[in-house]
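Subject: A structure for you to look at

Hello,

Here is the structure I promised to pass on. Please open it beside this email, and then read on for what turned up in it.

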Amino acid sequence: MPTSGQRKKLLFNLAMYFAERGEICSPKEFDLDKGNRPKMVKSSTVNKYFGAWSSMVKLLKKEHSDILENMQPKKVEFVDPLKDYFAERNIEAEPDPLEQLRASTTEK
């Protein structure tokens, strides 16, 4: 059974993690993010300390609202890694041979 001090410490670490991430994620996403989440913490640990993921989120919003209000979602833009390569060599993309076929068919 965790003590209240352990709960507070874990709650603060989770608040910092979510603020850095830019969102409060689901337990599944939390488990998949092994490199960035707090050490030795899984969603099962959160459930053991707080009873459920949703109760942890409620406590997090109540206790550390100051940290969470400053979090901004990260904007990820897709950058084609081959765009510069093709531009340097003056290579243009070939048209898709099936594009005309797709455009001419209609659903019945």
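First, a word on naming: helices (H or I, at least four residues) and strands (E, at least two) are DSSP runs, numbered from the N terminus.

Two notes on how the numbers were made. This is a predicted model, in which local features need pLDDT of at least 70, side-chain atom pairs count only at pLDDT 80 or more, and totals for chains, interfaces and linings use all residues. Residues are numbered from 1 along each chain as its sequence is written, and side-chain values use heavy atoms, with hydrogens and water left out.

**The whole protein**

The protein has seven helices and zero strands, so its elements, read from the N terminus, run α-α-α-α-α-α-α. Its C-alpha trace spans about 65 × 45 × 25 Å along the principal axes. The radius of gyration is 23 Å, whereas a compact globule of 108 residues would have one near 13 Å. That radius is taken over C-alpha atoms, and the globule rule is 2.2 Å times the number of residues to the power 0.38.

Next come burial and contacts. A residue is called buried at under 20% relative accessible area, exposed at over 50%, and partly exposed in between (1.4 Å probe, protein chains only). Buried residues make up 23% of the 108 residues. Contact means heavy atoms within 4.5 Å. Among the contacts with a separation of 6 or more, 59% are between residues 24 or more positions apart.

**The core**

A nonpolar core is a set of buried Ala, Val, Leu, Ile, Met, Phe, Trp, Tyr and Cys residues joined through side-chain atoms within 4.5 Å. Which members of the largest core touch the most others? Of its 17 residues, they are Leu14, Phe18, Phe30 and Met56. H1, H3, H4 and H5 each supply at least two residues of this core, and H1 gives the largest share, six residues. As background, nonpolar side chains tend to be buried together in soluble globular proteins.

Leaving out residues up to four places away in sequence, Leu14 touches Phe30, Pro38, Val46, Phe50, Met56 and Leu60. Pro38 is 24 residues from Leu14 along the chain, yet their C-alpha atoms are separated by 7.3 Å.

**Two sides of H4**

In helix H4 (residues 53-63), the buried residues include Trp53, Met56, Val57 and Leu60. These cover an arc of only 100° around the axis, which puts them on the same side of H4; the arc is that of the directions from the helix axis to the C-beta atoms. Lys58 and Lys62, on the other side of H4, are exposed. An α-helix has 3.6 residues a turn, so residues three or four places apart point the same way. The cover over the buried residues of H4 includes H1, helix H2 (27-32), helix H3 (43-50) and helix H5 (65-68).

**Aromatic rings**

Rings of Phe, Tyr and Trp (its six-membered ring) pair if their centres lie within 6.5 Å; planes under 30 degrees apart count as stacked, over 60 as edge-to-face and the rest as tilted. By this rule there are seven aromatic pairs. In one of them, the ring centres of Phe18 and Phe30 are 6.3 Å apart and the planes are at 50°, so the pair is tilted. Phe18 in helix H1 and Phe30 in helix H2 are twelve residues apart, and the pair links distant parts of the chain. Phe18 is buried at a relative accessible area of 0%, and Phe30 is buried at 0% too. Tyr17, Phe18, Phe30 and Trp53 form one aromatic cluster.

**Back to the loops**

Is Arg37 buried or exposed? At 15% relative accessibility, Arg37 counts as buried. Its contacts, not counting residues up to four places away, are Tyr17, Phe30, Asp31, Leu32 and Lys42.

Met40 lies in that loop between H2 and H3 as well, but is exposed, with a relative accessible area of 80%. Its phi is near 60°, a positive value in a residue other than glycine. Asn90, in the loop between helix H6 (83-88) and helix H7 (99-104), has a positive phi of about 55° although it is not a glycine. At 70% relative accessibility, Asn90 counts as exposed.

Happy exploring!
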